[in-house]
Amino acid sequence: MATRTDFGPPDYETMLPPIIKKNYGMWKYHERVKPGLLKHVAESGDELYTIRVGSARLLSTDHVREICDVAEKFCGGYVRFTSRHNIEFLVSEKKNVDPLIADLNKRGWPIGGTGHSITNIVHTQGWIHCHTPATDASGIVKAVMDELYDYFGSWKLPGYCRISLACCLNMCGAVHCSDIAILGIHRTVPKLNHEIIRTKCEIPNVIAACPTGAIRPDPANKSVIVNEDRCMYCGNCYTMCPGMPVADPVGGGVSIWVGGKVSNTRSGPAFSRLVIPFLPNTPPRWPETVAAVKNIVEVWAKHARKHERMGEWIERIGWERFFEIAGIPFAEQIIDDFTLASETYRTTAAFKW
Amino acid sequence: MANSETPLLDDLEKGPWPSFVKDMKQAAVKKESARALLGQLEQSFVDNIGHWKHGGIVGVKGYGAGVIGRYSDIPDKFPGVEHFHTMRVNMPAGWFYTTKALRAVCDVWDKHGSGLTNFHGATGDIILLGTSTDHLQPCFDDLAEIGFDLGGSGSAMRTPSACVGPARCEWACFDSLNLLRTVTRTFQGQMHRPMFPYKIKIKISACPNDCVASIARADISVIGTWRGNIQIDQTEVLACAKTMNIQTEVVDLCPTKCMSWDGKALTIDDKECNRCMHCINLMPKALRQAKERGATILVGSKAPIVHGALLSSVVIPFMKMDPPYDEFIEFVNKTFEYWDENGKMRERLGELINRLGMGKFLKAVGLKPLPQMIKRPRANPYYFWREGI
Ligand code: SF4
Ligand code: SF4
Ligand code: SF4
Ligand code: SF4
């Protein structure tokens, strides 16, 4: 049998519920009825209700079938997912909304993640399925969301708060522009296995892969030497060469970054900035990381003005004030020393005590 | 009852948020590989380190992408995950599904893999998590049978994605799903057969809210926008005034200070508006974007590896976005060509532009310099007269 190739994904038009097909491109406005429930109204007068449900992202096929059961019972056999791993049940008849919510409540599936809430944490594979992680992904996400659960299904916060997690500097997903980013970091230089480097790695490519020029050839060994003073443990060399692993049980851990966003609203897109350079890996529930994230969320919630995102609030009060209010000790790693570092230094004598 | 073999993971079955451990256990009832995965993950929780070996190249016939090779580094202990490869399956645009299609994917995956999935991976694909080498081709054949193709991986175009757009959002400035379909179909070859210097991503958001984080993670970012005056329904503005403080919540937070409100009517000096969406987000019934709509094209964003994270920057302030999207496809082709010719191994587009200069990129793709492309002019006198004087 000849294998068919390059036929592309299923056409989305075959996946759209009839109410969406009918009103495609003709939505007039929407209302946030309550946390997790959106109502979209079309020019035609049709009303579409969306119920957003949090998910662990890692789903068994049986769980996916259960999602299908619900969608068949209440949504005519259609369902969608969001870019942040949430599930959305789309209901075209108002009378189905309350029974659907009751059904979801019975199953214990959390409803929320719209408006000024903490929505699902975009995250990566971690120890479940990647070869370069400095920490786990699903475990931390579960622990953090358990702790912040009340913020998922309520509107208690001043604005949007997007939390993301990546388990290494490759940052699958856009965690570097999140209100709070949880990022796995390594802290030890690559452990060289000369035998593997000799036989399996293209040495010029390995040398070129290092952002700080820390790697040079070791002609005697037909291998490489790492200048430990210049290595910042990014793991890029390991991506190129299996003989240079950086993962380490004590060296690996978590860093916390805050104040980024992607939307263009008000202040525009921004990177998240380092505020905690290292927290240890403490499975199964990473209490230090959970506490740090919760503290930052609650400090922001207490001090920010309405609609002010994390970064907007901090830029208004100043970073020096943020560290004070949040009670986060200022660590030397927070001062940048990479290529464009001087852009982050204070170049005015005006600052706060 | 026997002591649990996964006491650490068991703790993550507790608590109100959905537990991935429950799903793993559910799959483990049926699948030896899922059982082994559970065991190996517990081992990682004990050891504080991952237990997967470095990469490994596996795939299906005719493709160089779409499958991520994965091998356990403790296969003696967990033979069920000795090889445990991921398949990236290209999702339907907007992540819409019929339950029939979803069930079909589940059936294929129960037949060939661990029964564990991600809905979805960070790039947007459906992730089928873990199967053995001998199942890859039959699994792909069965996926093809139900109409699902593989996504991108490696030094290829990665699976592009788009926001929900006109399917359910009144703010869509163009048809993001249709554009995504066109882009995906046009660049199948570049997605399935890695032949570029490194990965390249296209992400499509139909308005400046940028729900797919296009500006942060796409070499080519498409962000919907408009030209002309925001449409104001003053009756609805008055209705809004009953439930919110228009002065402090909307007018005072407008970044360009181009709005005013006298308690009776809202006015916008549209020439000064930078289309940030703040006011429209807050008053969806009263304010609507202008009628002339299209997209801003930006290039170069990426995560830190190798030379630091970048945001995308504006290269085409306004492009009409109507099918068949020839102008956009031509721009993508020229960009691919420039990057492919000039990019070093593992150099993303943004890094290439930083190394050789934005001017060269603009020239190569035939774009004229415009003030909309910069935040502020350069402050150093080190510029060239490349054409001579
Ligand atoms: S962030 Fe790094 S470790 Fe985590 S899944 Fe991506 S590449 Fe793997
Ligand atoms: S870990 Fe990064 S900084 Fe260190 S040697 Fe490897 S590539 Fe260079
Ligand atoms: S990016 Fe804009 S148009 Fe697209 S879903 Fe988000 S708000 Fe709607
Ligand atoms: S879109 Fe933004 S800049 Fe324009 S009027 Fe509204 S708040 Fe002001």
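1. The structure is a predicted model. The remarks that follow should be read with this in mind.

2. **Extent of the interface.** Contact between the two chains involves 110 residues of chain A and 117 residues of chain B. Together the chains bury about 10,000 Å², and 60% of this area lies on carbon and sulfur atoms. Of the area that chain A buries against chain B, 7% comes from A:Tyr12, A:Trp127 and A:His129, which is more than any other three residues supply.

3. **Polar and charged links across the interface.** Between chain A and chain B there are 66 residue pairs in polar contact, both residues of each being at pLDDT 80 or more. The salt bridges across this interface number 14. One of them joins A:Glu72 to B:Arg103, with the closest N and O atoms 2.8 Å apart.

4. **Make-up of the chain A side.** On the side of chain A that touches chain B, helix α2 (residues 61-74) of chain A gives the most, with nine residues. Sorted by class, this side of chain A holds 52 nonpolar, 36 polar and 22 charged residues.

5. **A strand pair between the chains.**

6. **A charged network, and B:Asp110 within it.** A network of salt bridges links A:Asp62, A:Arg65, B:Lys30, B:Asp107 and B:Asp110. B:Asp110 belongs to helix α4 (residues 99-112) of chain B. Is B:Asp110 buried or exposed? Its relative accessible area is 18%, so B:Asp110 counts as buried, the limit being under 20%. Leaving aside residues up to four places away in sequence, B:Asp110 touches A:Thr61 and A:Arg65 in chain A, and B:Lys30, B:Lys31 and B:Gly115 in chain B.

7. **Chain B as a whole.** Chain B contains 14 helices and 14 strands. Its C-alpha trace spans about 75 × 65 × 40 Å along the principal axes. Of the 389 residues in chain B, 61% are buried. Among the contacts in chain B between residues at least 6 apart in sequence, 65% join residues at least 24 apart.

8. **An open sheet in chain B.** Five strands of chain B form an open sheet with mixed pairing, in the order β6-β7-β8-β13-β14. The edges are taken by β6 (161-162) and β14 (313-319) of chain B; each has a single partner strand, so one side of each is left without a neighbour in the sheet. The partner of β6(B) is strand β7 (residues 202-205) of chain B, and the two pair in the parallel sense over two bridges. In that pair, B:Ser161 has B:Lys203 of β7(B) as its bridge partner.

9. The side chains of B:Glu292 and B:Arg227 meet in a salt bridge, at 3.3 Å from N to O. B:Glu292 lies in strand β13 (residues 292-299) of chain B and B:Arg227 in strand β8 (residues 220-227) of chain B, so the pair ties together parts that are 65 residues apart in sequence. B:Glu292 is partly exposed, at 34% relative accessibility, and B:Arg227 is also partly exposed, at 44%.

10. **Salt bridges within chain A.** Over all chains the count of salt bridges comes to 44. Among them is the bridge between A:Lys22 and A:Asp46, whose closest N and O atoms are 2.8 Å apart. Why does this pair tie together parts that are 24 residues apart in sequence? A:Lys22 lies in helix α1 (residues 18-23) of chain A, while A:Asp46 lies in the loop between β2 (37-42) and β3 (47-53) of chain A, so the bridge ties the two parts together. A further salt bridge is formed by the side chains of A:Glu47 and A:Lys39, at 3.6 Å from N to O. A:Glu47 is partly exposed, with a relative accessible area of 29%, whereas A:Lys39 is buried, with 16%.

Notes: Residues numbered from 1 in each chain as written. Chains lettered and ligands numbered in written order. Predicted model: local features only at pLDDT ≥ 70, side-chain atom pairs only at ≥ 80, totals over all residues. Heavy atoms only, no water. Contact = heavy atoms within 4.5 Å. Buried area = accessible area lost by both parts, 1.4 Å probe. Salt bridge = Lys/Arg side-chain N within 4 Å of Asp/Glu carboxyl O. Polar contact = N/O pair within 3.5 Å; in protein donor to acceptor, adjacent residues only side chain to side chain. Helix = DSSP H or I, 4+ residues; strand = E, 2+ residues; numbered from the N terminus. Nonpolar A, V, L, I, M, F, W, Y, C, P; charged D, E, K, R; others polar. Buried < 20%, exposed > 50% of the residue type's maximum accessible area, 1.4 Å probe, protein only. Pairing = 2+ DSSP bridges.
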